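Q: I have a structure open and have not looked at it before. Can we go through it piece by piece?

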Amino acid sequence: MNARPPDRPRGLYLLTPDEPDTAQLLARVAPVLPHATWLQYRNKRADAGVRRAQLVALLPLCRAMGVPLIVNDDWRLAAELGADGAHLGEDDGALADARAAMPPGTLLGASCYDDAANAHRAVDAGASYIAFGAFFPSPTKPAARIATKALLRDASLPPVPRVAIGGITPDNARQLVAAGADLVAVISGVFDARHPASAARAYRAAFDL
Ligand SMILES: Cc1ncc(COP(=O)(O)OP(=O)(O)O)c(N)n1
Ligand SMILES: Cc1ncsc1CCOP(=O)(O)O
Ligand SMILES: [Mg+2]
């Protein structure tokens, strides 16, 4: 049985590239945003001031498009700016602290890498979605741990949306969706594509959306 609750979000979970220029970031995100279910602001190279400015710039765009904006790594910044969520990995602080500090209903994501036990612990601590990966070698994060599709099929996983990440292309997305991914999280497959909006649309097609 792989019954999926009908109200689960599905589709493309877009992550921003390490774009240093805020105007350029908006110009890159705007054309692909209509095809995204969620957007994560992730910039591993910018300093705190640039990250804040880029988030402030992205928020009205996301609001206008009705796309939830999730902040990578920094739940305090997400809470301060009124973003829709935060995504935490193993080095990004305690999920329970984030859950306690953020308004009810805020999206809270947890990187679970290649281990279902991480997912159980994360949801117990307040995570509202779980992310596994990398499923394929990632151009953005070449050293990322590799996960297998069996994880997505695991019937004992907590009943929250399952996100797959890492080296996902429009072509390989379907096998992850078939295995149980509710959302595919993508950076290079969209932002390094020759036609980013066409690529983003192609991910949605993998969900038959
Ligand atoms: C949806 C999603 N899944 C996984 C990650 C990776 O988080 P983390 O392990 O903290 O690594 P960085 O992204 O911070 O480099 C993510 N950001 N989003
Ligand atoms: C943040 C992260 N965590 C595992 S892989 C990855 C990067 C995903 O980027 P890409 O879609 O370019 O592989
Ligand atoms: Mg992180």
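Q: How many bridges join strand 4 to strand 5, and do they run parallel or antiparallel?
A: This is a predicted model. Four bridges join strand 4 to strand 5, residues 107–113, and the two strands run parallel.

Q: Which residue stands opposite L88 there?
A: A110 in strand 5 stands opposite L88.

Q: What does the chain pass through between those strands?
A: From strand 4 the chain crosses through helix 4, residues 95–101, to strand 5. This β-α-β crossover is right-handed.

Q: What about strand 3, how many bridges join it to strand 4?
A: Three bridges do, and strand 3 (residues 69–72) runs parallel to strand 4. In that pairing, N72 stands opposite H87 of strand 4.

Q: And which helix lies on the way from strand 3 to strand 4?
A: Helix 3, residues 75–81. The crossover from strand 3 through helix 3 to strand 4 is a β-α-β one, and it is right-handed.

Q: Are the faces of strand 4 covered or open?
A: Both faces of strand 4, residues 85–88, are covered. G85 and H87 are buried on one side, and A86 and L88 are buried on the other.

Q: Switching topic. Which residues does UniProt list under "binding site"?
A: The unreviewed UniProt entry lists D73 and D92.

Q: Where is the place of D73?
A: D73 is in the loop between strand 3 and helix 3. Its phi is positive, about 75°, although D73 is not a glycine.

Q: And where is D92?
A: D92 is in the loop between strand 4 and helix 4.

Q: Why does D73 count as partly exposed?
A: Because D73 has 19 C-beta neighbours inside 10 Å, and a residue needs 20 or more to be buried. D92 also counts as partly exposed, because it has 16 C-beta neighbours inside 10 Å.

Q: Now the ligands. How many residues surround ligand 1?
A: There are 15 residues around ligand 1, and the closest are G89, S111, A131, I165 and A185.

Q: Which strands each supply at least two residues of that shell?
A: Strand 5 and strand 7, the latter being residues 162–165, each supply at least two residues of the shell around ligand 1.

Q: What is the make-up of the shell around ligand 1 by class?
A: Five residues are nonpolar, six are polar and four are charged.

Q: Which residues come nearest to ligand 2?
A: S138, T140, G166, I187 and S188 come nearest, out of 15 residues around ligand 2. By class, the shell of ligand 2 has seven nonpolar, seven polar and one charged residues.

Q: Zooming out, how many helices and strands does the protein chain have?
A: The protein chain has nine helices and eight strands. Its radius of gyration is 16 Å, close to the 17 Å that the globule rule gives for 209 residues, so the chain is as compact as a globular protein of that length.

Q: What box do the C-alpha atoms fill?
A: Along the principal axes, the C-alpha atoms of the protein chain fill a box of roughly 45 × 40 × 35 Å. Of the 209 residues, 43% count as buried.

Q: Which residues does UniProt list as a domain?
A: The unreviewed entry lists residues 12–190 as "domain: Thiamine phosphate synthase/TenI". Over residues 12–190 the chain is 37% helix and 21% strand, with the end C-alpha atoms 10 Å apart.

Q: Back to the backbone. Is the peptide bond from G133 to A134 cis or trans?
A: The peptide bond from G133 to A134 is cis, with omega near 20°. A134 is in the loop between strand 6 (129–133) and helix 6 (150–153).

Q: Last one: where is D208, and is D208 buried or exposed?
A: D208 is in the segment after helix 9, residues 196–206. D208 is exposed, with 8 other C-beta atoms within 10 Å. D208 has a positive phi of about 60°, although D208 is not a glycine.

Key. Residues are numbered from 1 along each chain as its sequence is written. Chains are lettered from A and ligands numbered from 1 in the order in which they are written. This is a predicted model: local features need pLDDT of at least 70, side-chain atom pairs count only at pLDDT 80 or more; totals for chains, interfaces and linings use all residues. A residue is buried if 20 or more other C-beta atoms lie within 10 Å of its own, exposed if 12 or fewer, and partly exposed in between; C-beta atoms are placed from the backbone. Two strands pair if DSSP finds at least two bridges between them. A crossover is right-handed if, with the strands pointing away from the viewer, the path from the first strand over the helix to the second runs clockwise. A residue is near a molecule or strand if its C-beta atom, placed from the backbone, lies within 6 Å of it. Ala, Val, Leu, Ile, Met, Phe, Trp, Tyr, Cys and Pro count as nonpolar, Asp, Glu, Lys and Arg as charged, and the others, Gly among them, as polar. UniProt positions are given in the numbering used here, feature names are shortened, and annotations may be inferred rather than shown by experiment. The radius of gyration is taken over C-alpha atoms; the globule rule is 2.2 Å times the number of residues to the power 0.38.
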